[in-house]
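Have the chain open as you read.

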Amino acid sequence: MARTGPTTLALPPFEGATRRLVLICLGVFFAQAILSWVLPANLFAVVFGHLALVPKELFHGAVWQLLTYTFLPMDLLGELFTLLFLWFIGSMLEEIRGGQWLYELFFTSAIGGGLLASVLSLTHILGLSPASEGSSPYAAIYGLLIAVYVLMGDREFLFFFVIRMKAKYMVAIYILIDTARLLLHSASFDALLHLAGALCGFLFLRYIPRRGFSYLL
């Protein structure tokens, strides 16, 4: 049953699986920043140059990109907003479904979304190209957003931390924005990654039991 009632401005608990995911992203951010100062540009490119998701590289054996692209950092403000967003929605989902379930949803959305977007890029529809590059946790985060929509759609959130609205409307706006970006060929591969992550999150919620993959073992 969906949870209702307004959220407060109090910070949620910073613990469990949510904390680990945020700290991994934060650690990679600082590692990249430090190495960009101390390493020559060519060596830095060797270290970080093949971690983003590039479909043509993925299908030539760079399968690690399905995981590494999720943790690559953005600019400072983008990284700050992303980690706050992950903290807020991750902690709420972990509270009602547990840390193991949150891990499974996060990585199913990230890996499944990355693979699906890469396959679709081979079609060249909507200006897509297998030479496109994507990085950020948003495919995984969109999977979490779908869970928020399903599990607590009538609960109120602060959209962009400013405008109070129900979760189902907030999630719908995010989906519509990326659908428009995809159709308008504006950062279309990133938009496709987000939408593919959302679809994989929905499929996880629809077909995987509440106990997660462990139920299937």
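A residue is called buried under 20% relative accessible area, exposed over 50%, and partly exposed in between (1.4 Å probe, protein chains only). This is a predicted model: local features need pLDDT of at least 70, side-chain atom pairs count only at pLDDT 80 or more, and totals for chains, interfaces and linings use all residues. Residues are numbered from 1 along each chain as its sequence is written, and side-chain values use heavy atoms, with hydrogens and water left out.

First, confidence: pLDDT is the predictor's confidence in each residue, from 0 to 100. The protein averages 88, and 92% of the residues score at least 70. Over residues 1–8, though, the pLDDT is below 50. Where pLDDT is low, the predicted coordinates should not be read in detail.

Now the charged pairs. Count a salt bridge when a side-chain nitrogen of Lys or Arg is within 4 Å of a carboxyl oxygen of Asp or Glu, and you get three. Take K168 and D154, whose closest N and O atoms are 3.0 Å apart. This pair links distant parts of the chain, 14 residues apart: K168 is in helix α8 (residues 167–183), while D154 is in the loop between α7 (138–152) and β2 (155–159). Helices (H or I, at least four residues) and strands (E, at least two) are DSSP runs, numbered from the N terminus. K168 is partly exposed at 27%, and D154 is partly exposed at 26%.

R164 pairs with E156 at 3.9 Å between the closest N and O atoms. R164 is partly exposed at 41%, as is E156 at 26%.

Back in helix α8, D178 and R181 lie three residues apart, about one turn of the helix. Their closest N and O atoms are 2.6 Å apart. Here D178 is buried at 2%, whereas R181 is partly exposed at 23%.

Note on methods:
Contact = heavy atoms within 4.5 Å.
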